[in-house]
Structure formats: C-alpha cells, structure tokens
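Dear colleague,

Please find below the structure that I am handing over to you. My notes on what was found in it follow directly after.

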Amino acid sequence: MAWVALVSTKNLHGVHPGAGLAMDKGISPLCLWAWTLPASSNLLQGLHGGKEPLEKVCVQWKTWLFWHLGCLCGDIWEHSAPAVCPKISQFLRFLLSKETMTTDEATKSEGEVQAAALAERGEDITPSKDRGVLKIIKRPGSEGESPMIGDKVYVHYKGKLANGKKFDSSRDRNEPFIFSLGKGQVIKAWDIGVATMKKGEICYLLCKPEYAYGSAGSAPKIPSNATLFFEVELLDFKGEDLFEDGGIIRRIKRKGEGYSNPNEGATVEIHLEGFCGGRRFDCKDVKFVVGEGEDHDIPIGIDKALEKMQRGEHCILYLSPRYGFGEAGKPKYGIQGNTELVYEVTLKSFEKAKESWEMDTKEKLEQAAVVKEKGTMYFKEGKYLQAVIQYGKIVSWLEMEYGLSEKESKASESFLLAAFLNLAMCYLKLREYAKAVECCDKALGLDQDNEKGLYRRGEARLLMNEFELAKCDFQKVLEVNPQNKAAKSQISVCQKKTKEHNERDRRIYANMFTKFAERDAKEAASKTGVEKPAEKATCEKGPKTSGAEGEEAEGHV
C-alpha cells in the first residue's frame with residue numbers, strides 16, 4: 001500500500017475540490033478514481049507507476065475499492081450533497097455489506113474494466129474511423145514491416161466476451177492459429193487488426209459486433225451483437241506461395257477489384273519494376289499477351305502470377321530462378337544465371353482471351369497452328385516453360401472436342417499428337433519425368449506405335465530408375481524401327497543400370513544380414529553367459545540335497 005502515498009493532498013485538490021477534501025479526511029486516493037471518472041486512468045497510472053496495466057490494478061483491488069467507495073461517497077456527500085437520494089444511500093450500504101465477490105462477479109468486473117480501458121485509451125484502427133476496432137499495444141514487436149494481404153500469419157490469441165468470460169484460446173490448445181490475411185477467413189476485426197501488427201507484438205483488440213459476428217453471433221459461445229475482447233500475439237508471417245512449390249511468393253500491397261483474373265492468352269497492361277540484389281534493372285509500362293511475356297523480356301513467373309491477380313492489384317513478387325531468367329540469366333540486364341528476382345507489379349487492365357467453349361472448331365484449329373509454331377520457337381530458345389504454355393493451349397482446345405468431320409478429326413488428332421510429344425520433351429528438359437510419362441501415354445493412346453512416344457517414355461522411365469519398364473519401351477521402338485541406334489544404345493544402358501542396381505542391393509542386403517547375424521550371436525552369447533552360472537548353482541545344490549536325503553534315510557534307519 002506504500003504506493004498510495006505517491007499522490008499528495010495538494011495534487012488531489014487540483015483534480016476535484018471534493019477529492020482534496022476527501023484526502024484531508026484520510027480517505028485513500030485509489031477510491032477517488034471511482035468518483036473522479038474523468039481523471040481515473042491518469043490517476044491510477046500515477047498511483048502504480050505504470051508498472052502494471054490499469055485493468056490489473058483494478059482487478060486486484062476491486063473488493064478494497066468497493067469498501068472505500070462507500071466511505072468516500074459518505075464523506076463527500078456529508079460536505080457537498082446532504083440531500084442525496086435515499087436509494088443511493090441504500091446502494092452504498094449494499095456495497096459496504098459485500099466483503100467478498102463471487103468468481104462470476106470478479107470475471108465480469110475484470111472484463112468490464114478491460115473493455116473500459118480499451119474504449120478510453122484504444123487507438124481506432126478502422127479505415128472509416130468509426131471506433132469499431134480499438135487497439136492497445138501490450139508489447140511492441142520487432143522493427144520491420146507488417147503482414148500484407150494474402151500473407152499466411154501465425155498467431156496466439158485469447159478471446160473474451162465483454163463480461164470477461166473466455167470463449168476461446170489457442171494457448172489452451174497449445175497450437176498457433178494460422179490463416180491468410182485479408183481473405184475473409186476470420187472476422188473483419190482480425191483482418192484489420194493483425195495487418196497493423198509487427199512480428200512478436202502482443203496487443204489488445206476491442207471489436208464491435210459489426211466487425212465480429214454481428215447479429216448472428218456464433219452459437220453456443222458467442223451471443224448475438226456481442227462486443228469481443230482479444231489478446232493477440234503475432235508469432236510470424238510469410239508471403240503467399242502461389243503454386244505451393246516455393247517458386248513464386250506474392251505479397252499484396254493493394255488489393256484489386258472484383259473477382260475476375262486474366263487467363264492464358266489474355267491481353268494485359270501492367271506497370272512493373274524489377275530488382276536484383278537491391279538494384280533496379282527494369283521499370284516500364286507494357287502491354288502483352290499472358291504466356292508471351294518473354295517477348296518483352298518479362299520472366300515466366302510474371303505471366304504465371306498475373307493469372308492470380310485482380311484489376312488494380314499492386315503486389316510484390318519473389319521469383320526463384322526457375323520462374324525468373326533460369327540458368328541462362330539475362331545479359332541485357334546484367335543478371336547472371338540462377339538468380340532470384342523481385343518484381344513490383346500493378347495490373348492496370350486486362351482483356352480475357354476467349355475460352356474454349358467460346359470458339360468454334362475452325363477457330364481452334366487455326367489457333368492451334370499458330371501456338372504450335374510459337375511453342376516450337378520457345379523450345380528452340382530453351383524457354384521450356386513458355387513452350388509448355390503454348391502446347392498446353394492446343395490440348396485445352398482440342399482434347400475434349402467432339403462431333404468433328406473426318407477432315408477436322410484428322411487435323412485435331414495431328415495437333416494433339418504433336419502437342420503431347422512436344423510437351424513430353426519439354427518436361428524431360430524440365431526434369432519433370434512423371435509428367436513426361438503422362439504425356440507420352442496420351443500420345444500413344446492416339447498412336448500406339450509412335451516411335452517418338454515410345455522412346456521419350458523410355459527416357460523418362462530410365463531417369464526415374466524404372467529400368468525394366470524403360471528397356472521394354474526401347475525394345476518396342478526397335479520393333480517399330482529396327483534401325484534405331486539410339487534405342488539399341490539405351491537398352492545397353494538399361495541392362496548396365498539394372499546390373500549395378502542389383503549389385504548395390506546385394507551389398508546392402510549382405511551388410512544387413514551380417515549385422516543381423518552378429519546381433520543374434522551376441523544375444524546368444526549373453527544368454528549362454530546367464531545360463532552357465534545357473535547350471536553351476538544347480539550342480540552345487542545337487543550334492544547337498546543328496547546328502548540331506550542320505551542323512552534323513554540314515555536317521556530313519
């Protein structure tokens with residue numbers, strides 16, 4: 001209670017005339033907070049030196065506060081308001097009669113104090129400044145940026161109703177809560193509040209119903225039109241992995257409009273800035289077709305990311321070398337091979353390309369010829385991902401096309417066969433061997449004796465260490481074309497690889513069996529060592545038993 005003396009009578013006279021009078025009469029300063037509400041928070045903060053949160057002090061001394069409140073009001077009214085209402089006097093006597101508070105009352109009081117503190121001191125973080133979400137920082141986080149829209153965030157939290165009753169806690173489950181920011185996966189207050197936090201920060205959020213669960217509530221724990229109180233800790237956050245392979249990480253600085261995205265072949269107009277190691281190497285406004293960005297020195301990762309963007313969106317893209325300029329790099333920009341890149345991209349406008357169902361067969365066949373040539377051009381330049389996009393268009397247009405004339409059917413099959421074979425070759429170059437096998441299977445479904453299809457499937461299987469299956473494919477190639485020297489050579493490779501693989505397995509299993517034998521021998525030896533002392537004890541015990549029996553017999557005689 002020593003800290004009570006920190007507030008002098010002279011200072012309290014400045015707070016309120018009645019407060020000074022109460023101090024002169026020996027009334028404790030803490031109880032004056034309940035009476036002089038406008039200065040309550042400043043006074044209490046002064047009393048406890050700011051070492052503990054205001055609400056904690058109030059909860060710790062709630063019973064003591066109630067008792068002194070009665071004393072204070074009695075003295076003040078004796079000097080200032082002798083004609084006070086009898087009902088208030090009755091209320092004071094009720095307070096004085098309560099020496100302790102129940103658990104529910106204490107919880108309710110604590111919740112009300114926390115809500116009151118947030119309502120008084122909290123920062124309004126809503127875009128419209130309607131005080132729908134108020135925030136107080138309990139522990140500042142590290143310096144640096146805050147999470148952006150689309151980031152995956154990791155948090156711990158405790159949620160309470162306005163009366164202090166806890167309805168949920170990730171800490172009780174000992175498991176962080178994970179969600180994507182700004183995607184509507186959580187209540188609106190969280191999308192707003194967590195976006196203002198730093199890594200490691202702990203804050204309090206007071207959320208009005210319209211920013212929480214509204215009039216519907218969330219049965220059975222959250223009633224209708226409930227104001228919620230949260231304590232939230234931001235553990236970590238990271239950008240959105242667009243294709244779940246770590247190749248393109250997106251962080252949205254400004255959300256786009258609507259729900260429509262550009263598709264493959266869409267005409268887009270963008271502004272971009274490219275960075276490498278902190279150096280800006282490109283800055284321009286450009287209009288191009290999605291999938292053909294390479295024609296404008298734009299890496300394939302930008303084409304891919306644009307299919308996930310909305311009109312007006314401004315984002316940061318982190319590209320791995322695979323989605324950047326690859327092994328070749330970009331000498332024009334002074335970028336070496338296998339270099340990671342960062343781009344800031346704004347999608348200003350776009351016009352979607354026709355979907356397959358919007359095109360007739362004649363238009364599909366015409367466009368198939370165009371994209372086949374473009375894909376071949378990209379393949380020859382070593383731009384395999386760009387080539388995959390072009391050949392993929394042929395498949396999407398023609399694979400499920402029915403009701404064709406005989407002429408159209410032959411043309412369609414020819415384009416599809418070429419597309420599957422070329423896709424298989426691209427995937428071999430990209431080291432995606434399972435996809436190469438899949439494309440070869442589809443090509444062989446159209447032409448079961450296709451020499452290229454059999455050979456490329458054999459190559460993919462060989463690289464997947466499926467030696468017997470690969471040898472079968474190369475043997476079928478020889479059945480189709482006995483003069484294929486490459487297939488003969490690959491059969492020899494398969495036989496050699498099979499032999500090496502078998503020998504390696506034999507050595508592994510031999511070592512394994514040797515270790516098992518050694519272990520069994522040790523176990524047998526240890527058992528033998530245990531049995532020998534037992535046998536010795538039995539032998540020693542045997543004569544004694546015989547002697548005893550002899551003595552007993554002799555005595556009996």
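In what follows, axes are lines fitted to C-alpha atoms, for helices over the stretch in contact, and angles run from 0 to 180 degrees between N-to-C directions. Helices (H or I, at least four residues) and strands (E, at least two) are DSSP runs, numbered from the N terminus.

This is a predicted model, in which local features need pLDDT of at least 70 and side-chain atom pairs count only at pLDDT 80 or more, while totals for chains, interfaces and linings use all residues. Residues are numbered from 1 along each chain as its sequence is written, and side-chain values use heavy atoms, with hydrogens and water left out.

Confidence

The pLDDT (the predictor's confidence in each residue, from 0 to 100) averages 81 over the protein chain, and 73% of the residues score at least 70. In residues 91-101 the pLDDT is below 50, and this stretch has 13 contacts in the model beyond near neighbours in sequence; contact means heavy atoms within 4.5 Å. Where pLDDT is low, the predicted coordinates should not be read in detail.

Helix α14 and its partners

Helix α14 (residues 406-429) and helix α13 (residues 384-398) have axes that come within 9 Å and cross at roughly 150°. That makes α13 roughly antiparallel to α14 (angles under 35 degrees count as roughly parallel, over 145 as roughly antiparallel, 65 to 115 as roughly perpendicular and the rest as oblique). On the α13 side the contact includes Y384, Y391 and L398, and on the α14 side F415, F420 and Y427 are among the residues involved. By class, this contact has 14 nonpolar, 3 polar and 1 charged residues; Ala, Val, Leu, Ile, Met, Phe, Trp, Tyr, Cys and Pro count as nonpolar, Asp, Glu, Lys and Arg as charged, and the others, Gly among them, as polar.

With helix α15 (residues 433-446), α14 packs at an angle of about 160°, the axes being 8 Å apart. α14 is therefore roughly antiparallel to α15. Among the residues that meet are L416, F420 and Y427 in α14 and Y433, C439 and L446 in α15. The contact of α14 with α15 divides into 14 nonpolar, no polar and 3 charged residues.

How do α14 and helix α16 (residues 451-463) cross? Their axes come within 10 Å, at roughly 25°, which makes α14 roughly parallel to α16. L421, N422, M425 and L428 of α14 make this contact with K452, G453, R456, E459, A460 and L463 of α16. By class, there are 5 nonpolar, 2 polar and 3 charged residues in the contact of α14 with α16.

Salt bridges

A salt bridge is a side-chain nitrogen of Lys or Arg within 4 Å of a carboxyl oxygen of Asp or Glu, and by this rule the count comes to 32. One of them joins the side chains of D151 and R251, at 2.6 Å from N to O. D151 lies in the loop between β2 (133-139) and β3 (152-161) and R251 in strand β9 (residues 248-254), so the pair ties together parts that are 100 residues apart in sequence.

Backbone details

The peptide bond from A219 to P220 is cis, with omega near 5°. P220 is in the loop between β6 (202-207) and β7 (228-238). N174, a residue other than glycine, has a positive phi, near 55°. The loop that holds N174 lies between α9 (170-173) and β5 (177-180).

With kind regards
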